[in-house]
Structures are given as C-alpha cells and as structure tokens.
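Here is a short report for a reader who is new to this structure. Please look over the sequence and the 3D view before reading on.

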Amino acid sequence: DLSYKYAQLRQKGYSRQLETSKQAWQAITYASELSFSAGKLAMEKLLAAEERPDAVFAVSDTLAAGAMSAIQQAGLRVPEDIAVAGFDGSELAEMVSPPLTTIVQPSKDIGRQAFSLLLQKIEHPESPAQRIMMSWHLTERASA
C-alpha cells in the first residue's frame, strides 16, 4: 500500500533527525495507514501503555486529528495533557479543535517538480536520477 510506504518514509526521516537530537524521545509506530481511524487507534494504544506520552508527532495531519480525537475521548486535554503535532499543512489542521501545529510542505511545488523530473526522464532515459530537497516550515497553533 502506497500510503503505508509513505508513512514509513516519513517516520524513518523523523527518527533519523531525532537520533541527532539531545532530546529524550521514543519512536513508536502503531499506524498502518494515513487515516483518521488509524491515528485514533494508534493513540488509543499509546494511552493504554504503562507510561503515557506527553507529546505526539504524527506523520500526517489526518493521523494527528485521529490522535487528538482519542485523547479528548479519554478525557484528556490537548495540549495541556498531551501535545500533538502533525505533518502536511493540510486544511484539516485548521479545522480541528484545538487547531493543529503542523509542518507545512509545499505539496503543489512537489507535484510540479515531480512532473518535470518525470518528463525529463522520459525524454532522456539515460540521465541519472535527481534528488531535490524542497523547503518546509512549521506552523505553530494551539495543539502543541
């Protein structure tokens, strides 16, 4: 499943970055897909653990919204009891309550660049693969 592979790549990048950090952290992966229900189920598992987290970073805004739902249904508050942040910068991040802190990626620019690279590869199949890094930014809102 493509969305699961996408989630795995995001989680791998997140874990790699945290390895260079001096912060205490624990990477736990419970979600099998990038959906609201998967985020909710993953958070329910985290809440059932012996030691409840004080913060959660979800690899998509949709997963984060599901996590926030589970937190609130457990009678806990976001961010007072558990802070939540997502990734995508989707419109959903502004629609949940409290509004979600998220890492915004330039989705349209990524699509344009991918299409351009695909055309180049079709026209010049012998050309080497390119790796392009695109800018992102953090939008802080009330969830973290």
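The report goes from the overall layout to single residues.

## Overall layout

This is a predicted model. The protein chain has 5 helices and 4 strands. Along the sequence they follow the pattern α-α-β-α-β-α-β-α-β.

The protein chain has 144 residues, and 33% of them count as buried.

Helix H2 spans residues 36-48. Helix H3 spans residues 61-73. Their axes come within 6 Å and cross at roughly 45°. The crossing of H2 past H3 is right-handed.

Which residues make the contact? From H2 come Phe36, Ala38, Gly39, Lys40, Met43, Glu44 and Leu47. From H3 come Thr62, Leu63, Ala65, Gly66, Ala67, Ser69, Ala70, Ile71 and Gln73. Sorted by class, the contact has 9 nonpolar, 5 polar and 2 charged residues.

## Ile71, a residue of H3

Ile71 lies in helix H3 and takes part in the contact with H2. Is Ile71 buried or exposed? Its relative accessibility is 0%, so Ile71 counts as buried. The cut-off for buried is under 20%.

Leaving out residues up to four places away in sequence, Ile71 touches Met43, Leu47, Leu76, Arg77, Val78, Ile82 and Val84. Met43 and Leu47 are also among the H2 residues in the helix contact. Val84 is 13 residues from Ile71 in sequence. Their C-alpha atoms are 9.7 Å apart in space.

## Three salt bridges

How many salt bridges does the structure hold? There are 3 salt bridges. One joins the side chains of Asp81 and Arg77, at 3.4 Å from N to O. Asp81 is partly exposed, with a relative accessible area of 21%. Arg77 is partly exposed too, at 46%. Arg77 also touches Ile71.

Another salt bridge joins Arg141 and Glu94, at 3.9 Å from N to O. Arg141 lies in the segment after strand E4 (137-139), and Glu94 lies in helix H4 (residues 92-95), so this pair ties together parts that are 47 residues apart in sequence. Arg141 counts as partly exposed at 24% relative accessibility. Glu94 counts as exposed at 53%. A further salt bridge links Asp109 with Arg112, and their closest N and O atoms are 2.7 Å apart. Asp109 and Arg112 are 3 residues apart in helix H5 (residues 107-123), which means about one helical turn separates them. Asp109 is partly exposed at 37%, and Arg112 is exposed at 54%.

## Backbone details

Where are the cis peptide bonds? One runs from Val78 to Pro79, with omega near 5°. Pro79 lies in the loop between H3 and strand E2 (83-88). Val78 is one of the residues that Ile71 touches. Another cis peptide bond runs from Ser97 to Pro98, with omega near -5°. Pro98 lies in the loop between H4 and strand E3 (101-104).

Asp88 is a residue to check by its phi angle. Its phi is near 150°, a positive value in a residue other than glycine. Asp88 is in strand E2.

## Met133, a loop residue

Met133 lies in the loop between H5 and E4. Is Met133 buried or exposed? Its relative accessible area is 71%, so Met133 is exposed. The cut-off for exposed is over 50%.

Met133 and Ile110 are 23 residues apart along the chain. Their C-alpha atoms are separated by 9.4 Å.

How values were computed
Residues are numbered from 1 along each chain as its sequence is written. This is a predicted model: local features need pLDDT of at least 70, side-chain atom pairs count only at pLDDT 80 or more; totals for chains, interfaces and linings use all residues. Side-chain values use heavy atoms; hydrogens and water are left out. Helices (H or I, at least four residues) and strands (E, at least two) are DSSP runs, numbered from the N terminus. Buried means under 20% relative accessible area, exposed over 50%, partly exposed in between (1.4 Å probe, protein chains only). Contact means heavy atoms within 4.5 Å. Axes are lines fitted to C-alpha atoms, for helices over the stretch in contact, and angles run from 0 to 180 degrees between N-to-C directions. A crossing is left-handed if the near helix is turned anticlockwise from the far one by less than a right angle, and right-handed if clockwise. Ala, Val, Leu, Ile, Met, Phe, Trp, Tyr, Cys and Pro count as nonpolar, Asp, Glu, Lys and Arg as charged, and the others, Gly among them, as polar. A salt bridge is a side-chain nitrogen of Lys or Arg within 4 Å of a carboxyl oxygen of Asp or Glu.
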